[in-house]
Amino acid sequence: MHTTHDEVDLKLQVASRTEGAEGVVVLELRDPSGADLPAWAPGAHLDLELPNGLTRQYSLCGDPNDRSAWRIGVLREPEGRGGSAYVHDELTAGVEIDVRGPRNNFPLVSSPHYVFIAGGIGITPILPMMAAAEAAGAEWELHYGGRSRRSMAFLESMEELTGTRVTLHPQDEVGLIDLEAILGAPRPDTVVYCCGPEPLLQAVEKQCVTWPDGALHVERFSPKEFGEPLLQGAFEVELATSGMTLTVPPDKSILEVVEEAGVPVLSSCQEGTCGTCETPVLEGEVDHRDSLLTPAEQEANDTMFICVSRAACPKLVLEL
Ligand code: FES
């Protein structure tokens, strides 16, 4: 896996708050002492650790060269579990908030050609990617869809590029993004980056099956749907470093069992999307149930996310 683990715990202050679009607030977070924030690269996100107990991931969408502030865009999700509502209702200018980051599960690989596809608030990780591609002298294009122009954040930053590198697809004017036209045939030396709602991600994944392995990069902030685990019963995990063997019953995650045994392990989302609990696998077959690894990475079977993934064999040996 490609997750980078250089995150730190910080208490940051909301320095400014603006309306990014209908239902979207854009926050700028700074260290209250004015200290520089850790370096980050396009694709990175942070965890907001909300006082109501929820942890939420948001992509950094500002300029990585500006170490004085981190910028995030947050869509209010009325059907959500309260994370985005808290951000919208409580995080006003001056409020301090616990943050962990940056972590990058969606790094921008070097390429001469990029196709960026963003749906709604999925534009956030793509913005610094566009700037990086431009700075590197690469060819790039963005296809940006949303319900309507009013709901699409950061349009003002794209005005000059619209019609050339940027194609807008407000659904109420032009319908859905025509993925067949954009991705119908694999293009040489081209990588595709997509972030957005699950139906868009699935449609792009389907369209890219004929593209070379590794050409498509997606980022999910809500977990994929999985059916029943491969193993219905309990299984064992041997923790090679701690020298323990533990039994994981069907109703518990490996993470829960490991924590109960007193072995310290970092975790955040507990739903297989953030990458924090990544654990090297030394032996055994994994039933991968995360929303991060590509099929090739899953097949390599050398890493897993123990908050959701389980064993596909009687015993796993983990580097823990
Ligand atoms: S805690 Fe987020 S992937 Fe496991």
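Visitor: What is a salt bridge, and how many are there in this model?
Guide: A salt bridge is a side-chain nitrogen of Lys or Arg within 4 Å of a carboxyl oxygen of Asp or Glu. Keep in mind that the model here is a predicted one. By that rule, the count of salt bridges is 17.

Visitor: Which residue does glutamate 22 form a salt bridge with?
Guide: Side chains of opposite charge can pair when their charged atoms come close. Here the closest N and O atoms are 2.9 Å apart, and the partner of glutamate 22 is arginine 150.

Visitor: How many residues apart in sequence are the parts that this pair ties together?
Guide: Start with where each one sits. Glutamate 22 is in the loop between β1 (8-21) and β2 (24-30), while arginine 150 is in the loop between β8 (139-146) and β9 (166-170), so the parts tied together are apart in sequence by 128 residues.

Visitor: Is arginine 150 buried or exposed?
Guide: Exposed means over 50% relative accessible area. Glutamate 22, at 40%, is partly exposed. Arginine 150 has 58% relative accessibility, so this residue counts as exposed.

Visitor: What is the N to O distance in the salt bridge of glutamate 260 and lysine 252?
Guide: Take the two ends in turn: glutamate 260 is exposed, with a relative accessible area of 54%, and lysine 252 is partly exposed at 27%. Their side chains meet in a salt bridge with an N to O distance of 3.2 Å.

Visitor: Are arginine 289 and aspartate 287 buried or exposed?
Guide: These two form a salt bridge as well, with the closest N and O atoms 3.8 Å apart. As for arginine 289 and aspartate 287, each of them is buried.

Visitor: How far does helix α2 reach from its first C-alpha to its last?
Guide: Helix α2 covers residues 123-135, which is 13 residues. At 1.5 Å a residue, 18 Å is expected, and the helix comes close to that with a reach of 19 Å.

Visitor: Which residue with a positive phi follows α2?
Guide: Within α2, the buried residues include Ile123, Leu127 and Ala133. After the helix comes a residue with phi near 75°, and that is glycine 137.

Visitor: Is leucine 54 buried or exposed?
Guide: Leucine 54 is in the loop between β3 (44-49) and β4 (55-59). Leaving out residues up to four places away in sequence, leucine 54 touches Leu48, Glu49, Arg81, Gly82 and Gly83. Buried means under 20% relative accessible area; with 18%, leucine 54 is buried.

Definitions and conventions: Residues numbered from 1 in each chain as written. Predicted model: local features only at pLDDT ≥ 70, side-chain atom pairs only at ≥ 80, totals over all residues. Heavy atoms only, no water. Helix = DSSP H or I, 4+ residues; strand = E, 2+ residues; numbered from the N terminus. Buried < 20%, exposed > 50% of the residue type's maximum accessible area, 1.4 Å probe, protein only. Expected span 1.5 Å × (residues − 1). Contact = heavy atoms within 4.5 Å.
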